[in-house]
Amino acid sequence: MPVAVVTDSTAHLPEGFAERHGVRVVPLHVLVDGVASPDGVEMGPEALAEALGQHRIVTTSRPTPGELAAAFRNALADGADSVVSVHLSKKLSGTWEAAVVAAQEVGPDRVRVVDSRSTAMGLGFAALRAAEEAHRGGSAQDVERVAVATAGRAETFFAVETLDYLRRGGRIGPAAALLGTALAVKPVLHIADGEIRPWEKVRTMQRATNRLVELAADAAAGGPVDLAVHHLASPERAAELATRLEERLHRSAGCVVSELGAVVGAHTGPGVLGVVVQRVE
């Protein structure tokens, strides 16, 4: 392809999707008790859930500008004329800034960097649609435009067992207003303007699941959509949610289910359940 598409591991593309669409994925880093591992390469969801369950110290860090520059140079060396690099919200991570530094190093005329203002499949759908445009022979400007437009049509809602992991990681943003609520309360959150914001509080995860279905239906507004369900260590809940979404949203092209990787999972904790609604033009 004349335009290569790069994203980061927080897109949490289902297994095989990156290879099938020709998307290059640069991993963020997960540190367990200070020992760093690349997200999705040496540290996956199962190992993360185990580390969290053992109350080990889990932190995360962005890829370095050098790692991103290497990915850009490899794409150009493999025959691409330019690169469009699509990343998680700059309000949630320093990854976008690192990519901008890397683009300046490699050549700003050859590398365009997009802030998806989202994460998980809110980012993943943007990268996939950008890659589809690249496969159609679109210019770097066209691919960038598709990535930005696709990201702008995504709605992401999720429910967590506790806000503690978001608080520890400093990613809680306006949702900090929910801290100090009763332990039995399960917060329903959403991503808006690139940051995590509170939506409402419910009493149980089952009620949270019900609300995720309703919120997804409202976001779809009866139109055609792509859907994704994310979870960490909750495969049964995720499968139930995916089935209910497909039954409720009749104009869906299907629902992909993807377990969150170690970076996002470290900030949400086990038991998180989320849905991404991607409106299709």
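**An enclosed strand and an open parallel sheet**

Strand β11 (residues 225-231) is largely enclosed by the rest of the structure, because 7 of its 7 residues are buried (buried means under 20% relative accessible area, with a 1.4 Å probe and protein chains only). Strands and helices here are DSSP runs numbered from the N terminus, with at least two residues (E) for a strand and at least four (H or I) for a helix. The model is a predicted one, in which local features need pLDDT of at least 70, side-chain atom pairs count only at pLDDT 80 or more, and totals for chains, interfaces and linings use all residues. Residues are numbered from 1 along each chain as its sequence is written, and side-chain values use heavy atoms, leaving out hydrogens and water.

Both faces of β11 are covered, with V225, L227, V229 and H231 buried on one side and D226, A228 and H230 on the other. Strand β11 runs parallel to β12 (residues 252-259), joined by 6 bridges, and antiparallel to β13 (residues 273-279), joined by 7; strands count as paired if DSSP finds at least two bridges between them. V225 has S252 as its bridge partner in β12 and stands opposite R279 in β13.

Elsewhere, 4 strands form an open sheet with parallel pairing, in the order β2-β1-β6-β7. Its edge strands, β2 (23-26) and β7 (111-115), each pair on one side only. Within this sheet, β1 (residues 3-8) and β2 pair over 4 bridges in the parallel sense, and V5 stands opposite V23 in β2.

Methods
Buried < 20%, exposed > 50% of the residue type's maximum accessible area, 1.4 Å probe, protein only.
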